[in-house]
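The model is shown first.

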2 protein chains.
Amino acid sequence: MAKELKDLTKRSENYSQWYNELVVKADLAEQAPVRGCMVIKPYGYAIWEKIQRTLDDKFKETGHVNAYFPLLIPKSYLSREAEHVEGFAKECAVVTHYRLKNAEDGSGVIVDPAAKLEEELIVRPTSETIIWATYKNWIKSYRDLPILCNQWANVMRWEMRPRLFLRTAEFLWQEGHTAHATREEAEQEARRMQTVYRDFVEGYMAVPVVRGVKSETERFAGALDTYTIESMTQDGKALQCGTSHFLGQNFAKAFDVQFVDKDNKLDYVWATSWGVSTRLMGALIMAHSDDNGLVLPPKLAPIQVVIVPIYKTAEDLEKISAKVNVLVDALRAKGISVKYDDADNKRPGFKFADYEVKGVPVRLALGMRDLEAGTVELMRRDTLEKETVQFEGLENTIPALLDDIQKAIFEKAKAWRDSRMVKVDSYDDFKAQIEAGNFVLAHWDGTPETEAKIKEETKATIRCIPMDFDTTEEGKCVYTGQPSHRRVLFARSY
Amino acid sequence: MAKELKDLTKRSENYSQWYNELVVKADLAEQAPVRGCMVIKPYGYAIWEKIQRTLDDKFKETGHVNAYFPLLIPKSYLSREAEHVEGFAKECAVVTHYRLKNAEDGSGVIVDPAAKLEEELIVRPTSETIIWATYKNWIKSYRDLPILCNQWANVMRWEMRPRLFLRTAEFLWQEGHTAHATREEAEQEARRMQTVYRDFVEGYMAVPVVRGVKSETERFAGALDTYTIESMTQDGKALQCGTSHFLGQNFAKAFDVQFVDKDNKLDYVWATSWGVSTRLMGALIMAHSDDNGLVLPPKLAPIQVVIVPIYKTAEDLEKISAKVNVLVDALRAKGISVKYDDADNKRPGFKFADYEVKGVPVRLALGMRDLEAGTVELMRRDTLEKETVQFEGLENTIPALLDDIQKAIFEKAKAWRDSRMVKVDSYDDFKAQIEAGNFVLAHWDGTPETEAKIKEETKATIRCIPMDFDTTEEGKCVYTGQPSHRRVLFARSY
C-alpha cells in the first residue's frame, strides 16, 4: 500500500497524468458518478475550508457582507444582457420539469409530462442576472449604495472536457456583486478585490501571480474591464486564479436599476463582480507538488505537523506518547494543527508515505533510541530533508520552521516562474518560447484579429496586460509588425 | 419610515401574516423572482452564518469532517431504495438538457433539442443516494469505518405552498451521512446527533424542544428510526427543528456497500443521516419575536449591542463619540459585537425602531445630558425595559447582561411551552386542546390507521414519542379505546 501511494507518475513523464493521479492519491477529490462532476473528499475539503475562511475574513475586513441568491435562474434573464448571453447562456443545465412519478410498469420513476415548467430554469452558471433582478428592488437612492454582497455557492457550466478542480461541471466558488453610485468607486472596487485575491494567493497559497488586465477578447461576458491574477503551473502554462470585473452600467441597464443621486438626478447604477473557485485547489496542487506527492504551504495545510511513533511494545509506545503528548499540547496552544498518529494498524513506512503524498509540511518521528538521546527525526516536506534535532524546545522552533517553509515554498515558485518569463521580439522566437513552456512578454498590435491568429497558430493567448511591472515600451507587433506601445503577457493556459 | 417599520400586524390579529411581514421588515429574506425560492438578505444570512459556524464546530468536536457531493443525481438512483423513492422522488427539479442556443428569430435563447440528456438528472432533494453510491468505493473493510461526513449544501424540493424559511423550494442545510460497522454504533450516532441538535437549539437559539422518536408514519423515507427535536411556535404549533435517522442497512443494500469485518465475514454497512436547515431561522423567529419585531438571543445576534448618539451639533457628536469609542473598543476586546451608529442621515427615532425590528438585544442611547451626568439609557430588547444607568463600568456589566438576556429568553419560551403541554384522556378534550393550540400528550393504540384518522379529523399528527420525560403509563387510546402503554405527543405543525 505504501508502494501504491508512492507509485505516482513522474511530472517529467506526463505532467497531466501526474496531476490526475495526485488528486486521487492525496485523497483530495474523485470523479462523481455524474459526468463532469466531482466529489470533494474530506482532506481536499479541509483545504478548501481554510481557503474559504481566510478569504471570507478578508472580504469582511474590506466591508463586504454575505447573502444568498437562488440556484435557478429563469431562462429569459440570460438574454437580457446581450454580451452576457453570448458568453454564458450556452453550456448550462436546464430544468424543464418539477415532478417525477412512478412508471406504470413498476420499473422505477419517470418524468411526469404534466409537470412541465412554463419557463425553463437554468442552474446558475454565474449570478449577475438574478442578483441584478433582485437589486432592482433594493436600490432607490444614493443612500442605498454601495451594496457590497458576496455569496458562497455552487455553480454549473456543462464542461465538455472536465478535469478535477480545474474544470468541472459543478464547482464551488464565491461571487461578489457590488453596486455603486459612481464609475470611479466601482472601478476602485474591482481593482481592490483583485488585490485582495493577489494578497491571498501569494500570502497563503504561496503561489506567485502576475496581476493584470484582460484584453477585450478575454474579458468576462458583459464587463468593461476584467482584472485577473495568473499563476504558472510547473508545465509552464498559465492558470487564471481569480478575476474581478468592472461591469460599468451594463447589468443596471439590462435590469433597469436606477437610483436618485445627491443632486436628485436619475442614473443607472455602476457594478462589479468578482470570484474565485475550487479551481484555486488546482493552482495550489500544480504550483508546489513534486513526484512524491502534494506539497502544502503551512498556512493552508489541514495538518501542519504529524508525529509518528516508532515502537515495538505497548510499553515503548506508552513512554513515547507520554513525551509526545506534552509537545502536542504545547503546539496546539500556539494554534498549530498537529496530528499524533499512534494508530497500530499501519506500519511507520506506510504512514510516512501517506503523509508525504498528502503534503504535511513537517513530520516528526521518534523511537526508543531518540527517547534516550532526547532527539527526534524531523523531515521538511518541501525539501524532503531529514535531520535529527533536539526534542527539547521544539514548541518554540516549529512555529518558526513553519513560517520558514511558507516563505521557502513561495520563493521557490517565484524564482522558477521568474526564470521562465521571457521577452521575445520575433515570431519564430515567440513560437519556440511558447513551445518550451514559458511566459512570453511580446509586443502586440492591439487587435482581436492578431490575437485570434496567434491563438490559432500557437495555442497561446494573451493572459493579461501586466500591472505590477512596467511593460510600456515602443516596439513592433511580433505577428504583424505594426507599432505597439507596450508588451503583453502571452502563454498557453489551463 | 420609522412608522412603516413599526407598522407590523399584531400576532393576535393574524399570526401567519405577522410572520410573513416580520421576515421582510427585519431584512431577513424575501421572495425571489423564481417561484418558491428565497433571497436570504445580508442580515438574515449573518444569523445563518452564526448558526452554521457554531454547529460546524460542534460536528467537528464530535469527530465529523466535511466533504462535498454533487448537486445532480441520476434519476435511476432515486428508485434504488424502495421506501426512499416513495418519500422523495416526487416533487423534484428535473434537468433534462445541457445546452441553450440562440433562437433563430433573434428573440433570445431556447433549449437546444439536440442537447437532451440520456438520463435525466435530479437536483438533490437530499443526498443519501449519491453519497451511498460514492461510499461503495470508499469502504472495503472494517478499517475504513466509521465514515463520519457532513456537507453544507443547497437542496431542492418543489413546494406547492412555499413560505420564507419554513418551506422553500430551495433551502440551505447540512446533511451528515455516516457509515458504521455495527448496528449499535450507528444507533448511538443517530442519538448523539439528536443531542447535539437539542443542545444547540436550546443553548444558542434559546428555543426549548421536545426530544423524541417519530412514529412509523412520520419517519424519514428509508429510515428504521427517526429521532427528532420539536419546538413550539407562539400559535401553538409544533415545528420540527432537526431530525437524525438510523437508516439500518437499507441504503447499503440498495447500493451494495459491503465490508469485511474483523472476523473476515462480509456484511452490509450500517448508516445514519441527520440534518438541520434554514428552517431553523423560522423556528428562531417564531419562538421569541413580538409585535415590535424580532427578538434575538445574544448568542446568535449579528449585532449584540447598538449605541445611538443623540446630538444637535457636530461638536456634541465629537464629544459623545470620544466617550463611546472607548466603550466600543473595550466591548469588542471581550468578543462582543457592537455597532456604534453615528450615521447622520437617519434620526434617532428611526434608528430605535429599526434596531427594535431587527431584534438587537441591547440598545444604548446617550445625549449631552447623559454625558454631563455620566449616564446612558439602556434598553433590553426582550423586555423592552428602559433604564438610565451609569456609563462607567458598562464594559463589565454588559457581558453579564447578555448572558442574562440569553437565559431569560429561554426561560420565557420554556415556561410558556410547558404551560401549553397538556394530558388528555378523551377524544373531545383532545380536539378542544388541539384547537386551542396546545401540545397534547395522549394515549394511542400504536396503529398507523388510528394516526391517519386523527390527522384527518383534527389536523394533528404525532410529533414524537418523547424521550426526555417518562410517558410510560397504562391507558386507553384516545381514539379507539384500545390498550396503550404510553402517551405520545400530538400537535398541529408547520
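A polar contact is a pair of N or O atoms within 3.5 Å; within protein, one must be able to donate a hydrogen and the other to accept it, and residues adjacent in sequence count only if both atoms are side-chain atoms. Between chain B and chain A there are 30 residue pairs in polar contact, both at pLDDT 80 or more. Helix H3 (residues 42–61) of chain B contributes six residues to the side of chain B that touches chain A, the most of any element.

This is a predicted model: local features need pLDDT of at least 70, side-chain atom pairs count only at pLDDT 80 or more, and totals for chains, interfaces and linings use all residues. Residues are numbered from 1 along each chain as its sequence is written, chains are lettered from A and ligands numbered from 1 in the order in which they are written, and side-chain values use heavy atoms, with hydrogens and water left out.

With contact taken as heavy atoms within 4.5 Å, 67 residues of chain B are in contact with 67 residues of chain A. The buried area (accessible area, 1.4 Å probe, that two parts lose on being put together, summed over both) is about 5,400 Å², and carbon and sulfur atoms give 63% of it. Two salt bridges (a side-chain nitrogen of Lys or Arg within 4 Å of a carboxyl oxygen of Asp or Glu) are found across the interface. Glu49(B) forms a salt bridge with Lys60(A), with the closest N and O atoms 2.8 Å apart.

**Strand pairs**

Strands (E, at least two residues) and helices (H or I, at least four) are DSSP runs, numbered from the N terminus. Two strands pair if DSSP finds at least two bridges between them. An open sheet of six strands has the order E4(A)-E8(A)-E5(A)-E5(B)-E8(B)-E4(B), with antiparallel pairing. Val95(B) stands opposite Leu121(B) in E8(B).

| Strand of chain B | Partner strand of chain B | Bridges and direction |
|---|---|---|
| E5 (residues 94–97) | E8 (residues 116–123) | three bridges, antiparallel |
| E19 (residues 362–366) | E20 (residues 375–380) | four bridges, antiparallel |
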